[in-house]
Amino acid sequence: MTISPRKKTQQVLVGNIKVGGGAPIVVQSMTNTDTADIAGTVQQIMELSQAGSELVRITVNTEEAAKAVPDIKNQLLQKGFDTPIVGDFHFNGHKLLEKYSDCAQALDKFRINPGNVGRGKNRDPQFQHMIELACRYDKPVRIGVNGGSLDQSVLTRLLDENRKKAQPDELNVVTREAIVLSALESAAKAQEYGLGKDKIILSCKISNVQELINIYEDLSKRCDYALHLGLTEAGMGSKGIVSSSAALAVLMQQGIGDTIRISLTPEPGAARTKEVIVAQELLQSMGFRSFTPMVIACPGCGRTTSDYFQKLAQEIQAFLRQQMPIWKTKYKGVEEMEVAVMGCVVNGPGESKNANIGISLPGTGESPVAPVYEDGVKTVTLKGDHIAEEFHELVKKYVDSHYSAH
């Protein structure tokens, strides 16, 4: 199956990042610090940015959080980080943006959830006020519909219409339509209030993989707004990674999506940056973008009873990620390099030859030597107790000799 051409959407400029309009798919993340904790939030934004997040969203839910935003932005700029910051607003965003103009000015984008902007007669005026503030400060807006906080007035209206049908649709069909319609109607109102199409990004996020795919396929056919993809409440660990990857891969394969987030629940004490790495690896595995040299490694079998090759593969992957902040400014194209770390003679030489540089470690009972291949040619055979250190040096030399300076 071939990758479908990217759907042409309206391009939106978020800070210094282009979203949509054929630009590369953008990686986004979100902090989980208390935004009022300026030092903690600045530190986490820097970590996410260093990991490769190109947009970072922060919660702006209280006056203390709103007051903190300008300081957060200024400290990031002073430390050399110009990653665009997105303000996430629910319930009271119209009040916070009106009262704290410096917060509105410091943010690079607003995120508005139509289901949480107000209730009843207050909904439209409060939504309109936030859009007018976005226009005043020339900020793009993501209109982000969530299944868990769907605008009930839209759903109620559609349910009433559905009951009058000779053959009513199933509830999930009506709910899908309500989610899509909430986004499209809100975007249309935003444009009526003066916000240009080049300032609007849409998202319709739920936690069910198949439903998410159906919703975005429908949404993509009915508009040309830039689209943000994400499986909300994806979960923890492998479940969250697999669910998000399954949903987003299907959509991106069809040319749908301009920016993505992997909404992982972090393991206790784990780094928030995991969601960024997963997003990058998903995009790179599918051939959409390249971020860091990839390590090809075998899964191991009865021929590889030692865990030596596993440790080396892990060390090399960590080494490559550590080097990328330096390499990406020094070596053009190095992010597309492939490094093979193989565990025995069955596939080891073949995979090592296919990579830019690869090593075939000895399996159980094999001769204790490790041939190294560069561009398909065996260049050296390593042996002894320092194979890992020597291979590290060979990788560095390969990069220095094969990738041109910027």
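Lys73 and Asp108 form a salt bridge whose closest N and O atoms are 2.6 Å apart; the term requires a side-chain nitrogen of Lys or Arg within 4 Å of a carboxyl oxygen of Asp or Glu. The pair connects distant parts of the chain, with Lys73 in helix H2 and Asp108 in the loop between helix H4 (101-106) and E6, 35 residues apart. Helices (H or I, at least four residues) and strands (E, at least two) are DSSP runs, numbered from the N terminus.

This is a predicted model, in which local features need pLDDT of at least 70 and side-chain atom pairs count only at pLDDT 80 or more, while totals for chains, interfaces and linings use all residues. Residues are numbered from 1 along each chain as its sequence is written, and side-chain values use heavy atoms, with hydrogens and water left out.

**Salt bridges**

- The structure holds 23 salt bridges.
- Side chains of opposite charge can pair when their charged atoms come close.
- Arg123 forms a salt bridge with Asp151, and the closest N and O atoms are 2.7 Å apart. This pair also links distant parts of the chain: Arg123 belongs to helix H5 (residues 123-136), and Asp151 to the loop between strand E7 (141-146) and helix H6 (152-163), 28 residues apart.
- Arg123 is buried at 7% relative accessibility, and Asp151 is buried at 8%.
- Glu281 forms a salt bridge with Arg321, with 3.7 Å between the closest N and O atoms. Here helix H10, which holds Glu281, is linked to helix H11, which holds Arg321, across 40 residues.
- Glu281 is partly exposed, with a relative accessible area of 29%, and Arg321 is partly exposed at 24%.
- Through shared partners, salt bridges join Arg123, Asp124, Asp151 and Lys189 into one network.

**Aromatic pairs**

- A search of the whole structure finds four aromatic pairs. Rings of Phe, Tyr and Trp (its six-membered ring) pair if their centres lie within 6.5 Å; planes under 30 degrees apart count as stacked, over 60 as edge-to-face and the rest as tilted.
- The ring centres of Phe89 and Phe110 are 5.9 Å apart and their planes stand at 85°, so this pair is edge-to-face. Phe89 lies in strand E5 (residues 85-89) and Phe110 in strand E6 (residues 109-112), so the pair ties together parts 21 residues apart in sequence.
- Phe89 is buried, with a relative accessible area of 2%, and Phe110 is buried at 0%.
- Tyr398 and Tyr403 have ring centres 6.4 Å apart and planes at 65°, so they too are edge-to-face.
- Tyr398 is buried at 2% relative accessible area, and Tyr403 is buried at 14%.

**Charges over rings**

- Arg123 lies over the face of Phe127, 5.7 Å from the ring centre. The criterion is NZ of Lys or CZ of Arg within 6 Å of the ring centre and within 35 degrees of the ring normal.
- The charged end of Lys197 sits over the ring of Tyr225, 5.4 Å from its centre.

**Helix H1**

- The 14 residues of helix H1 (residues 38-51) should span 20 Å at 1.5 Å a residue, and the end C-alpha atoms are 20 Å apart, which agrees. The expected span is 1.5 Å times one less than the number of residues.
- The buried residues of H1 are Thr41, Val42, Gln44, Ile45, Met46, Leu48, Ser49 and Ala51.
- Elements covering the buried residues of H1 include strand E3 (26-30), strand E4 (55-59), helix H2 (63-78), E5, helix H10 (274-285) and helix H11 (308-330), where contact means heavy atoms within 4.5 Å.
- Gly52 follows H1 and has a positive phi, near 120°.

Note on methods
Buried means under 20% relative accessible area, exposed over 50%, partly exposed in between (1.4 Å probe, protein chains only).
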